[in-house]
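Welcome, and please open your viewer. We will go from one selection to the next and look at what is there.

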Amino acid sequence: MKYVDEYRNAASAEKLMKEIRHVVTHAWTIMEICGGQTHTIVKSGIDDLLPSDLTLVHGPGCPVCVTPLELIDKAVAIASRSDIIFTSFGDMLRVPGSEKDLLAVKAAGGDVRIVYSPLDAVKLAQQNPEKKIVFFAVGFETTAPANALSVWQAKQLGLKNFSILCSHVLVPPAMEAILSSHANRVQGFLAAGHVCTVMGYEEYIPLASKYRVPIVITGFEPIDILQGILMTVRQLEEGRAEVENQYARVVRREGNRSAQELMQNVFEITDRSWRGIGIIPKSGYRLRDEFAAFDAECIFDVAAIHTQESPLCIAGQVMQGFKKPHDCSAFGIQCTPEHPLGAPMVSSEGACAAYFHYGKIRF
Amino acid sequence: MCLAIPGKVVEVDAAVSPLMGKVSFGGIKKNVCLELVPEVKIGNYVIVHVGFAISMMDEEEAQETLKLIEQMNELGNE
Amino acid sequence: MNEKTIDLSNSFACPLPITEYKNILLAHGGGGKLSHQLIKKMFASQFKNELLEPLHDGATLTVSGTRLAFTTDSYVINPIFFPGGDIGTLAVNGTVNDLSMCGARPLYLSCAFIIEEGLPMDDLWRVVLSMEAATKAAGVQLVTGDTKVVDRGKGDKIFINTSGIGIIPDGVEISPRHAKIGDRIILSGTIADHGIAIMSVREGLEFETQIESDCAPLNGLVETMIAANRDIHVLRDPTRGGVASVLNEIAESAAIGVTIVEDLIPVSEEVRGACEILGFDPLYVANEGKLLAFVSPAAAENVLAAMRSHPLGKNAVIIGEVVDDHPGTVIMKTRIGGSRVVDMLSGEQLPRIC
């Protein structure tokens with residue numbers, strides 16, 4: 001596949017690794033933000049091939065993992081209603097709520113459907129006027145334009161039976177939360193390439209300078225990750241703290257203006273609770289008041305839910321880079337993909353899932 | 001974040017709103033919403049996430065990156 | 001593990017802890033970890049006998065001195081018609097293949113239909129014609145059957161069960177437990193074709209380029225292989241759960257380690273593209289016309305050559321070997337030179353966005 005295979009090339013990988021080994025003279029801790037990047041790293045075995053001086057820690061870039069427990073419980077409550085078709089991306093179905101997950105709701109007879117695109121959910125609403133269609137709009141900035149467009153489209157079509165349950169989160173506030181923590185040991189970042197495709201990277205420049213950390217906007221293929229690591233390490237070795245763009249074939253400094261405009265018309269910034277981490281101010285999106293008719297949280301009066309996290313789950317610490325998945329006492333024992341205690345073990349972008357599936361505990 | 005794949009635009013349907021088209025991913029064609037890349041033309045490569053093209057691929061930049069890596073080590077280590 | 005008894009009497013205690021799953025999930029039929037657990041803990045533990053124990057694709061029975069293979073399989077696929085085949089071809093070939101994986105020559109099949117009220121007669125006729133053609137192509141006969149009809153809404157168009165018997169020739173000893181250190185692992189052709197062909201028709205995931213199921217009877221290929229060299233230790237067709245799950249099952253069954261090389265695994269261009277888009281790993285996607293063979297190193301080249309001379313094996317390739325490291329675990333050397341564990345399928349492969 002063009003523009004995919006070239007970035008999985010073994011010879012290129014070897015060259016980059018050689019150069020990294022040549023450049024590294026100190027121990028450095030680098031965080032890759034996005035769960036998709038974590039998976040590439042573990043799936044290709046990159047972390048085992050890097051010099052031992054380099055420590056890669058994993059960031060909170062898994063929107064499935066950070067969706068607050070209350071919202072999962074709300075989703076479960078809404079999906080259990082008989083007049084609802086509850087639609088979601090595949091990843092959300094196995095995320096554990098306080099009592100059950102969406103897959104269990106489906107097994108018990110709820111109409112829970114996987115969609116590939118939010119526009120599919122809009123189409124379902126058109127095709128099923130007697131039902132209410134709710135779409136679980138989870139994601140970082142990458143997915144926000146698509147979700148915004150689907151709400152916009154629903155409004156244009158005059159649909160009365162479509163709404164979204166919104167759990168949108170933003171990367172820069174999360175990075176700032178990590179950087180401003182006194183326990184932070186991250187010295188450089190591989191920023192999320194697809195988030196920056198939409199948002200551009202201007203908002204990272206003040207972060208890099210305030211906290212004196214290199215931030216390299218990085219793609220998702222093994223070659224991208226290796227090149228991103230190389231660029232970050234070069235900055236660290238040279239004492240620089242700038243924003244650089246490894247993913248230049250897709251990311252522009254200003255991002256996608258059409259997408260940003262659409263998002264601003266439909267969403268506004270709000271405080272958001274991140275599962276395992278807590279409330280981060282101004283770190284998410286909610287629907288603007290004029291779109292309240294499409295906001296599932298406004299429409300469905302879901303009674304006060306008593307949330308209960310597993311006391312053993314240290315997801316928050318893993319996602320902020322303080323611990324690795326196998327540092328968790330429950331990892332692989334009480335907590336497995338079949339019986340997850342927290343979201344990172346079931347999300348396809350979760351660090352715990354990556355470590356479990358690719359056998360990090362066995363070496 | 002998230003799964004976004006590069007593909008080649010093979011059809012554009014300007015008659016609908018939002019703008020739609022067909023993108024080919026190594027031979028598989030899928031309907032993709034092109035509303036977010038209004039300047040797109042047939043033959044361009046785009047990055048597609050959840051059924052939406054979110055950016056155009058800058059093919060020159062892509063080649064530059066690959067060339068840079070090709071040339072690495074050939075110049076010898078400093 | 002905690003176990004809650006359903007009844008005061010110990011003999012009614014459910015072997016799968018009630019606290020685990022109160023109900024059957026789709027994943028219990030997926031061919032991965034949960035399926036495995038269900039079969040081992042609930043079924044195999046109840047019907048304990050040494051013929052069932054290997055939990056291979058079929059059972060090997062000796063009746064009056066003749067070794068027979070006996071297998072059964074049910075087909076519940078949706079959609080019932082798909083590019084490259086239909087539920088009928090699957091029902092015949094699937095059972096023919098299970099017998100072949102025991103090293104047997106498939107001879108006779110039974111067939112039971114469970115039909116949903118309202119199924120168009122034309123559809124049923126199409127399925128029957130397909131089955132007839134498939135039995136001819138495989139050289140087997142359908143000798144007994146049963147038909148049931150259930151109320152509308154209580155069955156998904158049509159479910160088919162086929163059972164089959166075949167004869168295992170003398171000197172053929174094929175079973176997952178026979179895998180030996182040093183065995184070469186041969187894959188007969190491209191993977192994930194069937195699973196992706198199915199996905200391409202299912203609601204909501206439509207692709208425009210036709211990817212066809214690889215559904216085919218493998219008995220001819222297996223006969224060619226055995227004729228070339230009998231030192232074949234294991235045969236398995238990687239159906240639900242894909243190559244990854246099957247390799248894990250064999251590794252666990254024989255307590256051996258398996259290493260495979262990513263670069264050597266054949267995947268067609270279109271299927272790769274589809275897997276990229278869906279976020280599927282081809283190693284976990286179902287195949288219906290491919291096999292994995294564990295062959296002694298001395299026999300490997302012969303068997304490979306024989307496979308390549310057969311239409312269903314022309315893309316056959318050695319993808320790895322059996323090692324005495326990491327018993328029970330499958331490790332893959334990745335394209336960029338790293339390595340990772342290839343685990344058994346967990347739950348269902350759900351299409352990803354993230």
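Start in chain A by selecting α8(A) and helix α13 (residues 257-266) of chain A: their axes come within 9 Å and cross at roughly 55 degrees. Helices and strands here are DSSP runs (helices are H or I with at least four residues, strands are E with at least two), numbered from the N terminus. Axes are lines fitted to C-alpha atoms, for helices over the stretch in contact, and angles run from 0 to 180 degrees between N-to-C directions.

Before going further, note that this is a predicted model, in which local features need pLDDT of at least 70, side-chain atom pairs count only at pLDDT 80 or more, and totals for chains, interfaces and linings use all residues. Residues are numbered from 1 along each chain as its sequence is written, while chains are lettered from A and ligands numbered from 1 in the order in which they are written.

**Stop 1: two helix pairs in chain A**

How are α8(A) and α13(A) placed relative to each other? Angles under 35 degrees count as roughly parallel, over 145 as roughly antiparallel, 65 to 115 as roughly perpendicular and the rest as oblique, so α8(A) and α13(A) are oblique to each other. The crossing of α8(A) past α13(A) is left-handed; that word applies if the near helix is turned anticlockwise from the far one by less than a right angle, and right-handed applies if clockwise.

Now show side chains. From α8(A), pick A:Ala144, A:Pro145, A:Ala148, A:Leu149, A:Val151 and A:Trp152, which meet A:Ala259, A:Leu262, A:Met263 and A:Val266 of α13(A). Residues are in contact if their C-beta atoms, placed from the backbone, lie within 7 Å. This contact has ten nonpolar residues, no polar and no charged ones. For these classes, Ala, Val, Leu, Ile, Met, Phe, Trp, Tyr, Cys and Pro count as nonpolar, Asp, Glu, Lys and Arg as charged, and the others, Gly among them, as polar.

On α7(A), find A:Pro118, A:Leu119, A:Ala121, A:Val122 and A:Ala125; they meet A:Ala146, A:Asn147, A:Ser150, A:Gln153 and A:Ala154 on α8(A). Here the residues divide into seven nonpolar, three polar and no charged.

**Stop 2: the domains of chain A**

Colour chain A by domain: domain 1 is 1-309 and domain 2 is 315-357, with bounds that come from an automatic or database domain assignment. Their centres, taken over C-alpha atoms, are 17 Å apart. Where they touch, domain 1 of chain A brings 24 residues and domain 2 of chain A brings 20. On the domain 1 side, α2(A) gives the most, with five residues.

**Stop 3: from chain A to its partners**

Select chains A and C together. In this contact, 40 residues of chain A face 28 residues of chain C. Which element gives the largest share of the chain A side? It is α2(A), with five residues. The chain A side holds 21 nonpolar, nine polar and ten charged residues.

**Stop 4: chain C**

Then colour by pLDDT, the predictor's confidence in each residue, from 0 to 100. Chain C has a mean of 87, and 90% of its residues reach 70 or more. Over residues 1-12 of chain C, the pLDDT is below 50.

Terms used: Two residues are in contact if their C-beta atoms, placed from the backbone, lie within 7 Å.
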